[in-house]
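I opened this structure to look up two things.

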Amino acid sequence: MNICNKKYKAILLIFLSVVLRSFAQSGETVTLTIDEAVDYARAHSRALKSADIDLEIAKRASDNAWNVFLPDVQATGTLSRTTDISSSLEQQNTLLRFFGRPPVSETESMHWAAVGNLSAGLNLSLAYIGQIRAAKAGYEGGQITREQTERKTITNVKKLFFGLLLQRDNLAIQRETLENARRRSVQAAVNYRNGRIPELQLLQAQVQYENQIPETEQAETSLAQQLDMFVFLLGMPSGTKIELAGSIDPALIDVDADDLIATYGNSSLALRSLDNNIETLEYNLSALDFASFSPALSLNWNYQPMLRDALDSNWFDKDNWNDNGAFSATLAWNITNMLPFSSNRQKAKDLRANLEKLKISREQLTENQKLEVRTAINTLDQAKRQIASMQRNVELAQRSYAMTLRSYQNGTTELLDLRDAERQLNQARLGLANQRYQYITALLNLEETLNTDLTVKSAAATTNGGTR
C-alpha cells in the first residue's frame, strides 16, 4: 500500500512540475496551496538535492565498508639489463670446467633478464569491526541529517507561505483604505460643489487619498518581490507567477507540555543526531582499543618467475623460468601503542573525553528541549487568548467605524474622527492577523522541535483572500 502511495505521489509531483513549467512559459498564474508548495519543495529544493548527494556518499561508504578485507593484489613485469656479469659468468664457467665442459663466452643476451611478479597481501585486525560499525553508523547519521534538512525546509516553506498570506492581508487592508479614501475624496468634491463643506475639508480628503497611493503601490511591489523569492526558494521555473490559496486561520489546539515530552521527546531529530554521534564515537574508540591491545595478522604471498638470457631464451619453455616467490604469515603486535603515555593511548583518552562531552550535551539538549516545549506552549496559550480578545476588538472597531462613517456622511462628524476610527479598525485587523501568524509560527517551531505534526490546519485549502 505504501509503495502504491509513493508511486502515486511521484507521478503527481512530475505532473505538477510539468504543469508549472508550462504555466511559466505561457505567463499564466498558478494557484498554489500550502500542501502543493511543500510537495514541490520536497521534489525540487536545492538544499534537499544537496542533502541527497551527501546521503548517497554515506550510503556508498556504508555498503562498501567490508572492503577492508579485500587483499592488496599487484602484478608487475620487469625486463632488466645487468651492466657487469663477469663475476656470475666466471662462477658459471668454473662449474662447467669442473664437469669437463667448455666455458661459454659473454653475450649481450646474458645481460638481460625477465622478471614477473604477482603478489597478494591481506591484513586482518579486530579494529576493522569497529571501523565497519562506524561506517554503518555514519550512514544512519546521514539519514538523520537528511531528515533534519527536509524538516527544516518544510518548516521554512510553511512559515514563508503564511508570512506571504499575512503580507497579502496587509495589502488588502491598505487597498480597502485607499478605496475608502478615494470615495471620501469624490464625496467631498460633490459636497464642496453643493456648498455643504468648505474648501479646507475638500483639500484634506484629497490629501489623504493622495498620501495612500504610494504606500499601497509600495506594498504591492514588496509582495510581488516576495512572491518571486518564494518561487526561487521552491525551485520553480524563473518567471512563474503564483497566487497563494489560503488564509491565516489556524485551528487552535489544546496540548499539554508533559504529555508532549513523554510522547515525542525521543523523536527529536537533534537528540537522535546526538545519539548517533555518540554511537559513532564509541565504535571509533572500540576500533582504536582493538588496534592497541590485539595483534594484527598479515598474510603475504608472492609469485616471482624469472627468465635469464631473456633475448635468446625461449619464453614459452617453462624449464627456462625460475620461481623466486614466497609466502609469509606475520603476527604483529605494537607494544608501544599499549603504553599509557603513547600517542595512541592519548588519542583514546581524547575520544573518551569527547564522548563524555557529548553525553553532557545530550543531557543539556534534553533539558533545553523541555524548556522549549513549555515556552512554545505558553506562547500558544497566550496567542489563543490574544486571538480571542482581538476578534472581539475587531467586532467593536467595525461597529465603531460603521457608526462614525454614518455620522460623517450626515455631516455630524469631522473627517479626522472618521480617519481615527478607520485607523483603529485597521490596527485591530492587522493585530488579529499578526497574532494568528504568531500562533502558526510557534506551532511550527514546536513541531520541528519534537519532529512530529501537531496538525497545523489553517484554511490553506480555501481561496479566501485574507482575514477580515
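The entries below take the cavity and then the helix pairs.

**Basis.** I am working from a predicted model, in which local features need pLDDT of at least 70 and side-chain atom pairs count only at pLDDT 80 or more, while totals for chains, interfaces and linings use all residues. Residues are numbered from 1 along each chain as its sequence is written, and side-chain values use heavy atoms, with hydrogens and water left out.

**Cavity.** I searched the whole structure and found one cavity of 30 Å³ or more. A cavity here is a set of points on a 1 Å grid over the protein atoms alone where a 1.4 Å probe fits but cannot get out; its volume is the space filled by probe spheres set on the points, which are joined across faces, edges and corners. The largest cavity has a volume of about 30 Å³.

Which residues line the largest cavity? I noted Arg151, Ile154, Thr155, Lys158, Leu444 and Glu447, lining residues being those with an atom within 4 Å of a point. The elements giving two or more residues to this lining are α5 (127-193) and α10 (415-450); helices are DSSP runs (H or I, at least four residues) numbered from the N terminus. α5 gives the most, with four residues.

**α5 and α6.** I followed α5 to helix α6 (residues 199-234), and the two pack at an angle of about 160° with their axes 8 Å apart. Axes are lines fitted to C-alpha atoms over the stretch in contact, and angles run from 0 to 180 degrees between N-to-C directions. That angle makes α5 roughly antiparallel to α6 (over 145 degrees).

**α2 and α3.** Helix α2 (residues 34-44) and helix α3 (residues 46-63) pack at about 40°, with axes 6 Å apart. I listed the contact (heavy atoms within 4.5 Å): Ala41, Arg42, Ala43 and His44 in α2 meet Arg46, Leu48 and Lys49 in α3.

Key:
On a 1 Å grid over the protein atoms alone, a cavity is a set of points where a 1.4 Å probe fits but cannot get out, and a pocket is an open set with protein on both sides within 12 Å along at least five of seven lines; lining residues have an atom within 4 Å of a point. Angles under 35 degrees count as roughly parallel, over 145 as roughly antiparallel, 65 to 115 as roughly perpendicular and the rest as oblique.
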